[in-house]
Amino acid sequence: MSAPARRPLWVLPLDLVRGFLIGMAELVPGVSGGTVALVTGVYDQLIDSASHMLSAIKRLVAGPDRWAGFRAELARTQWLLIIPVLIGMAAAVLTAAGVMARFVADHPEASRGLFFGLVAMSILVPVLMLPSRESPSAGARLLDAGLVIGAAIIAFVLIGFAGGGAQTDPSLLVVFLAASVAICALVVPGVSGSFFLLAVGLYSTTMSALDDRDLGYIAVFGLGALVGLASFVRLLKHLLTRHRRLTLLVMTGLMIGSLRALWPWQSSAGGDDSAPGMLLGPYDPVLGPVLLALLGAVVVGALIVVERRFSPTVHEIEAEEDEREAVR
């Protein structure tokens, strides 16, 4: 196994921004960090590098030639991508948690309008990533449509269960388990980790802990997140490698269904304005949410154009690695 080609240094500032945007997305109920990773063009690379990091730990704990296997897996990790993205995510979580929570709570229609536009335009990304089929049959087209519709319905229905009250003093075991599930949403476009926390009543509690630097809560939450991530990333990498079209179609459906959480005009649920309740027709304010939705769509559209314009740099990195593997 060869090491990946060196990532150009000029993209490091962009990767910091990508990480910051991913971290910001994870603070918002209904918005997935995986969606932002897709839009900014680093989704596959992040999943691949995370998988190598987990494999390195596994090789160190068990298996022949532990140190050799450990070093080999670490060498295949794109550290010049992982490190700036993690720094950007940490900066977003530590600096913007309180601001984002207040924005979502104090301006629910406006915030949901903005994020609705962001996610709606982002649906284009997995569609554009779909592997092409040669002369697809009518049955294949129906299967594709069925996967998208089925995933959308599942996401739409599950989102309807959210809206429970906030837990002011949850047990550490509950925090650990919730974090292990919520972190899986970080790597699945269309599935929001923050929305899951909202559903189980831990969103406000977690945002407050981050804003107040509650190190005990943060440590337990982080440990649960690591366990959940270790359990899920390799499965997702396998699906993207072996069943890429099916996986991307399901992601597309999940993103479509997740728009329910971001419809700007909803009834309050559980006394929390940011919680999704019954979907309503537009009520005042109308213009603000509509303009913000358009702004969100334009921003994502611009990101898609920029990513596709500069994507040859990323594809050249992957092609060079493939060529090395072929030579070996």
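Q: Let's start with H12 and H13. What angle do they pack at, and how far apart are their axes?
A: H12 and H13 pack at an angle of about 115 degrees, and their axes are 5 Å apart. Keep in mind that this is a predicted model.

Q: OK, so what do we call that arrangement of H12 and H13, in words?
A: Roughly perpendicular: angles from 65 to 115 degrees fall in that class, so H12 and H13 get that label.

Q: Which residues meet there?
A: From H12 you have Leu-236, Leu-239, Leu-240 and Arg-242, and they meet Arg-244, Thr-247 and Met-251 in H13. By class, the residues of that contact of H12 with H13 split into four nonpolar, one polar and two charged.

Q: Zooming out for a second. How many helices and strands are in the protein?
A: There are 14 helices and zero strands. Read from the N terminus on, the elements go α-α-α-α-α-α-α-α-α-α-α-α-α-α.

Q: And how much of the protein counts as buried?
A: 46% of the 328 residues count as buried. The protein exposes about 16,200 Å², with carbon and sulfur atoms supplying 70% of that area.

Q: What share of the contacts comes from residues 24 or more positions apart?
A: Taking the contacts with a separation of 6 or more, residues 24 or more positions apart account for 79% of them.

Q: Back to H12. How does H3 cross it?
A: H3 covers residues 43-61 and H12 covers residues 215-242; their axes come within 9 Å and cross at roughly 125 degrees. H3 and H12 are therefore oblique to each other, and their crossing is left-handed.

Q: Who makes that contact?
A: On the H3 side there are Tyr-43, Asp-44, Ile-47, Asp-48, Ala-50, Ser-51, Leu-54 and Ser-55. On the H12 side there are Leu-229, Ala-230, Val-233, Arg-234, Leu-236, Lys-237 and Leu-240. Leu-236 and Leu-240 of H12 also turn up in the contact with H13.

Q: Next pair: what about H5 and H11, angle and distance?
A: H5 (residues 79-106) and H11 (residues 203-211) pack at an angle of about 140 degrees, and their axes are 8 Å apart.

Q: Which residues make the contact of H5 with H11?
A: H5 brings Val-93, Ala-97, Gly-98, Ala-101, Arg-102 and Val-104, while H11 brings Tyr-203, Met-207, Leu-210 and Asp-211. Sorted by class, that is seven nonpolar, one polar and two charged residues.

Q: Tell me about Arg-102. What does it touch?
A: Arg-102 touches His-107 and Asp-211, leaving aside residues up to four places away in sequence. Arg-102 sits in helix H5 and is partly exposed, with a relative accessible area of 46%. Its C-alpha atom is 9.8 Å from that of Met-207, a residue 105 positions away along the chain.

Q: Where's the cis peptide bond with Pro-285?
A: It joins Asp-284 and Pro-285, with omega at about 5 degrees. Asp-284 is in the loop between helix H13 (244-258) and helix H14 (287-327), and Pro-285 is found in that loop too.

Q: Is Asp-284 buried or exposed?
A: Asp-284 counts as exposed, at 71% relative accessibility.

Q: Last one: where does Ala-68 sit?
A: Ala-68 is in helix H4 (residues 66-75). Its relative accessible area is 40%, so Ala-68 is partly exposed.

Note on methods. Residues are numbered from 1 along each chain as its sequence is written. This is a predicted model: local features need pLDDT of at least 70, side-chain atom pairs count only at pLDDT 80 or more; totals for chains, interfaces and linings use all residues. Side-chain values use heavy atoms; hydrogens and water are left out. Axes are lines fitted to C-alpha atoms, for helices over the stretch in contact, and angles run from 0 to 180 degrees between N-to-C directions. Helices (H or I, at least four residues) and strands (E, at least two) are DSSP runs, numbered from the N terminus. Angles under 35 degrees count as roughly parallel, over 145 as roughly antiparallel, 65 to 115 as roughly perpendicular and the rest as oblique. A crossing is left-handed if the near helix is turned anticlockwise from the far one by less than a right angle, and right-handed if clockwise. Contact means heavy atoms within 4.5 Å. Ala, Val, Leu, Ile, Met, Phe, Trp, Tyr, Cys and Pro count as nonpolar, Asp, Glu, Lys and Arg as charged, and the others, Gly among them, as polar. Buried means under 20% relative accessible area, exposed over 50%, partly exposed in between (1.4 Å probe, protein chains only). Accessible areas come from the Shrake-Rupley method with a 1.4 Å probe; for residues, only the protein chains shown count as cover.
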